[in-house]
Amino acid sequence: MAFTLPDLPYPKDALQPHMSEETFDYHWGKHHKAYVDKTNGFVGEKGLEGASLLQVIRTAKERGDKGLFNNSAQIWNHSFFWQCLAPQGSTAPSGRLKDMIDSDFGGQDALLEKLATEATNHFASGWGWLILNSGKLEVTSLHDADTPVANGMTPLLTVDVWEHAYYIDYRNERPRFLKSVLENIINWDFVGQNLDGQGETRADQQG
Ligand code: MN
């Protein structure tokens, strides 16, 4: 069974003006799809038919197979990222998530500022992450295609800071892209589900 490009959880124009339909045409329709197609091209020749996406990612890491790792990890990261977004104002942190944001960061604004700073300062391509580590919320970033699920981390929220994520809508202005996305179109319901261990991403379900 081949991996597939997952449907977006909203229409391509639902996150405007923070993320345009044209960005989805390229970022989801071309970049994400290319990672799916390349991974599908690899799995047969590498004896991994029938493996789940997480199995492929972890096997590629163990083998030091960078081509397979980069493409398969990027499938997972992008599938997770699309689920981290939602139309403006449709969700807000609540319950345990809100309590932990308050206790670990001092509030939502402080969390978003910390994540924006981490992601802005991340050199070159990669991803900004909010993860759960030893019962506490933590902000970090990972390079290129690297992914928390290959590092024993529990991912809660991510933002893509590869140039292809923002160049159509924001050109070179990564900080403006991060502010616009983080302050307006985060799917806090999904983040809360991940915290409660109920967030089964579309990527996990593949394979
Ligand atoms: Mn991307």
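**Entry 1: two helices**

I started with the contact between helices H2 and H3: on the H2 side I found Leu 53, Leu 54, Val 56, Ile 57, Ala 60 and Lys 61, and they meet Leu 68, Phe 69, Ser 72, Ala 73, Ile 75 and Trp 76 of H3. Sorting this contact by class gave me ten nonpolar residues, one polar and one charged. I'm keeping in mind that this is a predicted model.

Next I looked up how the pair is arranged. H2 covers residues 53-63 and H3 covers residues 66-83, and they pack at an angle of about 145 degrees. Their axes are 9 Å apart. I also noted that the crossing of H2 past H3 is left-handed.

**Entry 2: the metal**

Which residues are the protein donors of the manganese ion? I got His 27, His 78 and His 164, each through NE2, plus Asp 160 through OD. They lie 1.9 to 2.1 Å from the ion. Along the sequence I wrote the donor spacing down as H-x50-H-x81-D-x3-H. His 78 sits in H3 and His 164 in helix H6 (residues 163-170), so this pair ties together parts that are 86 residues apart in sequence.

Then I checked burial. His 78 has 0% relative accessibility, so I count it as buried. His 164 is buried too, at 16%.

**Entry 3: a threonine in a strand**

Last, I picked Thr 140, which is in strand E2 (residues 136-143). Is Thr 140 buried or exposed? Its relative accessibility is 17%, so it counts as buried, because the cut-off is under 20%. Leaving out residues up to four places away in sequence, I found Thr 140 touching Glu 118, Trp 127, Gly 128, Trp 129 and Ile 131.

Definitions and conventions. Residues are numbered from 1 along each chain as its sequence is written. This is a predicted model: local features need pLDDT of at least 70, side-chain atom pairs count only at pLDDT 80 or more; totals for chains, interfaces and linings use all residues. Side-chain values use heavy atoms; hydrogens and water are left out. Helices (H or I, at least four residues) and strands (E, at least two) are DSSP runs, numbered from the N terminus. Buried means under 20% relative accessible area, exposed over 50%, partly exposed in between (1.4 Å probe, protein chains only). Contact means heavy atoms within 4.5 Å. Axes are lines fitted to C-alpha atoms, for helices over the stretch in contact, and angles run from 0 to 180 degrees between N-to-C directions. A crossing is left-handed if the near helix is turned anticlockwise from the far one by less than a right angle, and right-handed if clockwise. Ala, Val, Leu, Ile, Met, Phe, Trp, Tyr, Cys and Pro count as nonpolar, Asp, Glu, Lys and Arg as charged, and the others, Gly among them, as polar. Donors are N, O and S atoms within 2.8 Å of the metal (3.2 Å for Na, K and Ca); water is not among the atoms, so sites may look incomplete.
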